[in-house]
Amino acid sequence: MKLDAKIPEGRLEDKWRNYQLKSQLINPANKKKLKVIVVGSGLSGAGAAATLAELGYDIQCFFYQDSARRAHSVAAQGGINAAKNYQHDGDSIWRMFYDTLKGGDFRSREANTYRLAELSAPLIDHFTQQGVPFAREYGGVLVNRSFGGVQVQRTFYARGQTGQQLLLAAYSQLNKMVRQQKVTLFPRHEMMDLVLVDGVAKGIIARDLVTGELKRFAADAVVLATGGYSRVYRLSTLAIGCNGSAIWKAHKRGAFFAAPSFTQIHPTALPQSSESQSKLTLMSESLRNDGRIWVPLQKDDPRKPNDIPEAERDYYLERRYPSFGNLAPRDIASRAAKERIDAGFGVGRLKNAVYLDFRKAIADYGQQVVQDRYGNLFKMYKKITGINAYAEPMLISPAAHFSMGGLWVDYELMTTIPGLYAVGECNFSDHGANRLGANSLLQASVDGYFILPNTINNYLAASLATDTATVDDPAFEVVEQEVKDQIDRILSVHGKRTVDDFHRALGKIMWQECAMSRNKPGLEQAIEDIKALRTSFWSDVKVTGVARGLNTELEKALRLADFIELGILMCTDALQREESCGAHFREEYQTEEGEAQRRDDDFAYVSAWEYDPEAFQLHREELTFEYVQPSVRSYK
Amino acid sequence: MQLTFRIWRQEQFQDKGAFKEYLVDHLTEDMSFLEALDHLNETLVLKGERVIAFEYDCREGICGQCGIFINGRAHGPHDHVTTCQLHLRSFQDGDTVTVEPWRAKAFPVVQDLIVDRSAFDRIIAQGGYISAKTGTAPEANAILIGKETADKAMDAAACIGCGACVATCKNGSAALFTSAKINHLNTLPQGKLEADQRVRDMTAQMEEEGFGHCSFTGACEVECPEGISIANIAEMNARYWKARLFA
């Protein structure tokens with residue numbers, strides 16, 4: 001199958017406009033007749049559901065949490081980027097586009113990335129109108145701060161709770177449309193599988209997580225907005241319920257999975273402290289505006305951090321990357337931390353952390369200013385660790401954070417299954433091999449609010465001629481039975497190991513071999529190990545409780561079964577890509593200084609994998625760069 | 001570390017629940033409270049029993065999904081934290097810890113420690129938004145908002161919707177939750193046009209859901225993970241009477 005990204009014609013800055021000028025329209029009376037299913041209620045899902053409802057479509061929105069307000073967009077802390085140039089520091093759409101493309105190590109499409117930058121400024125207008133209390137100057141204008149990988153100040157924020165405020169705005173709009181009876185919400189419902197009728201997405205099977213009942217839902221199009229899948233590592237900054245099941249099920253039904261192994265490891269999370277730990281809490285990247293990262297120059301230095309004099313500290317980011325310093329992009333900062341920790345300079349009880357120090361900022365501007373900027377983050381740090389970070393440095397460590405990979409989508413955000421769209425983190429799209437800080441909220445929002453509502457009509461206009469599928473179609477019956485069989489099978493293993501135990505085992509393999517640093521023998525072994533784990537899972541997992549009722553263990557087990565398969569694909573992808581780019585660091589391909597070495601002649605393409613139970617099939621979408629010449633990505 | 005958990009077990013809303021005791025061993029001080037429950041659940045699975053149903057998601061204090069009444073207090077012994085941010089270092093080896101769901105008329109128990117908080121969503125749906133469609137926004141800096149105003153709106157907007165305020169209130173009142181959303185939006189110029197309608201509709205829904213009245217004990221603001229002040233309730237009341245009298 002030839003992948004067609006459907007990039008519109010014209011100059012880079014005209015493409016989106018050209019697309020809109022030519023896309024089809026549907027009259028309001030007809031929109032009412034069209035049903036769209038949205039799975040997920042985060043920024044992209046709620047944004048899409050609310051906006052599509054405003055346009056007149058009939059929307060059903062599904063999410064596993066008890067309320068749409070819980071979706072994990074809520075946890076994004078630092079901010080959202082926009083090329084407003086309010087700081088008069090030379091920012092522009094072009095510069096933001098270039099920063100994002102370079103940040104992703106030239107592994108994303110020019111047209112998509114440009115559109116992301118182009119739509120960023122209207123998005124800030126949009127959220128301001130919706131009542132997001134962005135930080136303001138005394139004179140009333142909006143404030144910006146810096147984020148990694150960028151030399152201008154283009155990040156908008158609402159304290160350290162930007163994701164929460166944007167999500168609540170989206171949640172509010174969603175509820176506004178609920179009140180108008182244009183959106184029906186299905187809380188505590190998890191999508192179990194996708195239903196295709198004649199090769200076209202026509203609905204889903206969902207499980208009511210309270211009653212355990214399997215339900216069929218038919219629609220004219222299905223939108224997946226299910227977020228990232230970094231819980232495949234078990235320990236991550238994600239919410240415990242975040243999962244890859246919806247996109248994995250879609251993948252198994254024919255949607256190609258792009259760049260599955262491109263995973264961002266965030267440099268500033270709290271370190272793991274014990275085996276029983278379930279979560280690595282993120283400390284916002286914004287802290288690196290004022291915090292300085294260091295380790296002692298001396299190995300196993302027994303002194304307390306404050307007792308180590310300046311001359312005996314190694315500010316390794318400032319040393320290695322003088323022009324970006326502590327604001328080096330995430331992949332680079334994480335790898336640099338790993339390098340120091342592996343070399344034996346790690347700090348903390350388990351020697352698995354580095355210091356993030358605010359002493360200089362507090363000395364320069366006073367504690368009050370630091371408190372104004374990051375107060376809630378310091379409070380959170382204190383709550384979790386019991387340590388006052390105004391008085392001594394924070395301990396931080398890299399953690400799995402964001403999936404740049406996801407379902408392959410074209411310029412219209414449609415997957416390779418007609419009628420199935422993927423928005424937000426669950427698609428592969430604009431971030432290439434590494435996402436810049438504060439571009440995640442941005443991408444989720446523009447996908448949901450601005451892009452999908454402008455592209456879905458192109459598809460739906462054509463489907464107006466055909467009847468809406470109904471749940472009586474035999475395809476629904478077949479898929480529902482398959483879901484039921486899978487549930488029965490998992491409940492009837494009656495083995496000896498818990499789901500969590502298997503998840504820990506999977507996480508260890510993935511973290512060891514398919515995270516910050518990868519190599520051929522390691523990945524080959526990992527694939528074998530995960531396959532063995534899969535066999536073991538299906539013969540030895542123990543899940544108690546019933547299928548027809550609330551059963552949190554069953555939910556976890558079903559998600560893990562998919563993570564195990566996804567893990568194999570991630571390792572396959574990492575193995576196949578014999579180059580280093582962004583977050584994908586193959587040890588065999590590095591410069592003498594230990595930086596990532598791209599191989600543009602052989603790997604300037606998006607890997608899109610087709611599901612095959614025997615061996616995943618690779619399809620290539622060549623990346624052509626018409627406007628930017630890919631260069632060595634340097635932050636020195 | 002060893003703890004005895006006295007946990008509320010209830011199959012479903014219609015059933016009568018009861019406390020059941022579990023002696024849990026091999027705990028460590030740096031475990032979070034929810035990780036201790038995870039650990040207990042793993043031992044229950046191995047024994048072939050149904051696990052304890054409890055809710056969580058982000059485990060970093062922002063999603064608002066985890067809400068457990070611990071030793072008679074919402075989210076445990078500390079002020080201004082969520083249950084996921086509570087760690088076992090706050091307990092003594094050998095302690096008995098009583099673990100219950102939120103108890104409020106408007107929050108029916110779903111199972112064990114899980115309650116139904118959808119009443120909050122229905123309150124938001126009655127005006128907890130600004131009626132503006134996607135694509136109609138003016139330039140962001142065209143709306144000037146002083147820092148003090150933005151900060152005040154943000155203080156109220158920080159609510160995570162966990163329901164601790166309701167659970168801890170002797171009247172089961174949702175006044176803190178509702179007032180936080182009203183004041184967030186009514187403080188900002190963008191929310192002014194709908195201010196009166198918003199306060200009328202949202203408070204009406206609050207009553208319809210069966211939440212009690214506020215009698216200003218201040219218990220809610222102590223438990224609120226975001227430290228939202230009860231001054232918000234006084235302000236909501238003032239807005240309410242203004243909306244009623246001058247409508």
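## Helix α10 of chain A

In this predicted model, helix α10 of chain A covers residues 330-345, and although the helix has 16 residues, its end C-alpha atoms are only 20 Å apart, which falls short of the 22 Å that a straight helix would reach at 1.5 Å a residue.

The helix is largely enclosed by the rest of the structure, because 12 of the 16 residues of α10(A) are buried. Among these buried residues are the charged residues Arg330(A), Asp331(A), Arg335(A), Lys338(A) and Arg340(A), and the list also includes Ile332(A), Ile341(A) and Phe345(A). The buried residues of α10(A) pack against the strands β11 (263-269), β12 (292-296), β14 (354-357) and β15 (394-403) of chain A, and against the helix α9 (316-320) of that chain.

## Where the two domains of chain A meet

Chain A is divided into domain 1, residues 267-400, and domain 2, residues 474-602. The centres of these two domains, taken over C-alpha atoms, are separated by 30 Å, and 7 residues of domain 1 of chain A are in contact with 7 residues of domain 2 of chain A.

On the side of domain 1 that touches domain 2, the elements giving two or more residues are α10 and β15 of chain A, and α10(A) provides the largest share, with 5 residues. By class, this side of domain 1 has 2 nonpolar, 1 polar and 4 charged residues.

## Confidence of the prediction

For the complex, the predictor gives an ipTM of 0.98 and a pTM of 0.97. Chain B has an average pLDDT of 97, and 100% of the residues of chain B score at least 70.

Notes: Residues are numbered from 1 along each chain as its sequence is written. Chains are lettered from A and ligands numbered from 1 in the order in which they are written. This is a predicted model: local features need pLDDT of at least 70, side-chain atom pairs count only at pLDDT 80 or more; totals for chains, interfaces and linings use all residues. pLDDT is the predictor's confidence in each residue, from 0 to 100. Helices (H or I, at least four residues) and strands (E, at least two) are DSSP runs, numbered from the N terminus. The expected span of a helix is 1.5 Å times one less than its number of residues. A residue is buried if 20 or more other C-beta atoms lie within 10 Å of its own, exposed if 12 or fewer, and partly exposed in between; C-beta atoms are placed from the backbone. Domain bounds come from an automatic or database domain assignment.
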